[in-house]
Amino acid sequence: MFLYINYPSWIHPQIFPSIPVLNLLRWYGLMYLFAFGTAWLVLKRVAKEGFLDTSDYKLKEDDLFSFIFCGIIFLLLGARIFSTLFYDTTGIYWKKPWLIFWPFDSGMHFTGFSGMSYHGGFIGGLLGMIIWCKKHKQPVAKWVDAMSVAIPLGYTFGRLGNFMNAELYGRITTMPWGMVFPRAEKFSTSLPWVQDFCAQIGMNIEGLKMVNLPRHPSPLYEAFFEGIVLFLIIWFTRKHKKFDGQIGCTYTFGYGFVRFIIEYFREPDAEIGYRIAKDASAPIYTNTSLLNFSTGQIYCFVMMLCSILVAVFLIIKSRKNR
C-alpha cells in the first residue's frame, strides 16, 4: 500500500502546455484574476450591507472600484518589490533596481514576474488603501475593515496558483496525504534514513540512485486555513465588531498566526534557510526544532504584534470619542 500521493501529471504551469503560441497563459496569472474578482464581489456585498455608510457620504460604485483598484496596484508593486529586495539572495536587484519590473531574462526570453511576496503585497495593499482614503476623505479603519472581509477568500486562489506551479511545497512527511512534487530536492537512496523513510511509506526505490520524497502540500494547507477558514471566521463575525478597524486587526492577527503555524510544515527557501535557528546546521527539509524560524515566521510575528498594538490604540481612541 502506498502512503503518499504523486503530484498530478496533468497539471502544468501553462494552461495550454501543448500549444506553443499560448504558453504565456499560466494558471498562476489566472488565479490572480480569480482572486481579485472574488475580492471585488465580496467587497460589493459588504458595501451593500452598509459597512461603508457614514452620515455625510453616499457610497458610489465608482468609488468602490477605484478603491480596490488602487489597493490592487499597490499590492502588486509591494509584492514584487519586497520579493526581489528581501527574498533574492544574489543582491542583483539592489544593484540594478530597474530589473525588478523587467520581465525578460538575459537571453531576452519572456519570464514574467516570477516572485511575489505576500507580506510585501500586504504592506503595499494597505498603503494603497490608506492613500485612497486620505485622498477621498474617507475613514481608513472602516474601509480597511470592509476590504479585510474580502481578502481571505480571494487569497485562496493565490495559493491554488502556487499549487498549480508545483511550488512552495512543504517538508518531507510520512503522512498518507504527502505529495511527491516534481521539482523538489531529491535524496540519495544510499542514505539509511532515506531507506527507512521509503520503507514506512511503501515507496519502491530499487535500482534508483536518487529519490523524490513526498512532502506536505503546504499551498493547499494555506489555501484552506489562511483562505477559507479565516474568511468564514471573519464573515460570520463581521456584524459584531465593537470598533472600526477591528476586522482589519482580526485579519492581520489571524493570518499571521495561521501562517506562522503552517511555516513549520512548509520548507523555507533553500537560499535563505532559517533566519533564526537553534541549530544553524539543521536541514530545512524536515522540522527538527520549533525554535528554528523562517523568514515568513518572523514577518508573521511582526504582523501579529502590530495588529495587537493597533487594536489597543483603536480601542482607546473609540472610548475617548464616546
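Reader: At what angle do helix α1 and helix α5 pack?

Author: This is a predicted model, in which local features need pLDDT of at least 70 and side-chain atom pairs count only at pLDDT 80 or more, while totals for chains, interfaces and linings use all residues. Residues are numbered from 1 along each chain as its sequence is written, and side-chain values use heavy atoms, with hydrogens and water left out. Helices (H or I, at least four residues) and strands (E, at least two) are DSSP runs numbered from the N terminus; axes are lines fitted to C-alpha atoms, for helices over the stretch in contact, and angles run from 0 to 180 degrees between N-to-C directions. The axes of α1 (residues 27-48) and α5 (residues 140-164) lie 8 Å apart, and the packing angle is about 165 degrees.

Reader: Are α1 and α5 roughly parallel or roughly antiparallel to each other?

Author: Angles under 35 degrees count as roughly parallel, over 145 as roughly antiparallel, 65 to 115 as roughly perpendicular and the rest as oblique. The angle here is about 165 degrees. The two helices are therefore roughly antiparallel.

Reader: Is the crossing of α1 and α5 left-handed or right-handed?

Author: A crossing is left-handed if the near helix is turned anticlockwise from the far one by less than a right angle, and right-handed if clockwise. The way α1 passes α5 is right-handed.

Reader: How many residues of the contact of α1 with α5 are charged?

Author: Contact means heavy atoms within 4.5 Å, and the residues that meet include W27, F34 and L43 in α1 and M147, L153 and F157 in α5. Ala, Val, Leu, Ile, Met, Phe, Trp, Tyr, Cys and Pro count as nonpolar, Asp, Glu, Lys and Arg as charged, and the others, Gly among them, as polar. The contact has 17 nonpolar and five polar residues, and the number of charged ones is no charged residues.

Reader: In which crossing does α8 pass α9, left-handed or right-handed?

Author: Helix α8 (residues 246-262) and helix α9 (residues 295-320) pack at about 155 degrees, with their axes 8 Å apart. They are therefore roughly antiparallel. The crossing of α8 past α9 is left-handed.

Reader: How many charged residues has the contact of α8 with α9?

Author: Among the residues that meet are C249, F253 and R259 in α8 and C300, M304 and L314 in α9. By class, this contact holds 12 nonpolar residues and five polar ones, and its charged residues number one.

Reader: Does L309 count as buried or exposed?

Author: L309 is found in helix α9, and its C-alpha is 9.3 Å from that of C249, which is 60 residues away in sequence. Buried means under 20% relative accessible area, exposed over 50%, partly exposed in between (1.4 Å probe, protein chains only). Because its relative accessibility is 53%, L309 counts as exposed.

Reader: Is A166 buried or exposed?

Author: A166 is found in the loop between α5 and β2 (179-180). Its phi is near 55 degrees, a positive value in a residue other than glycine. With a relative accessible area of 4%, A166 is buried.

Reader: What is the radius of gyration of the protein?

Author: The protein has nine helices and six strands. The radius of gyration is taken over C-alpha atoms, and the globule rule is 2.2 Å times the number of residues to the power 0.38. For 322 residues that rule gives 20 Å, and the protein is as compact as a globular protein of that length because its radius of gyration is close to this, at 22 Å.
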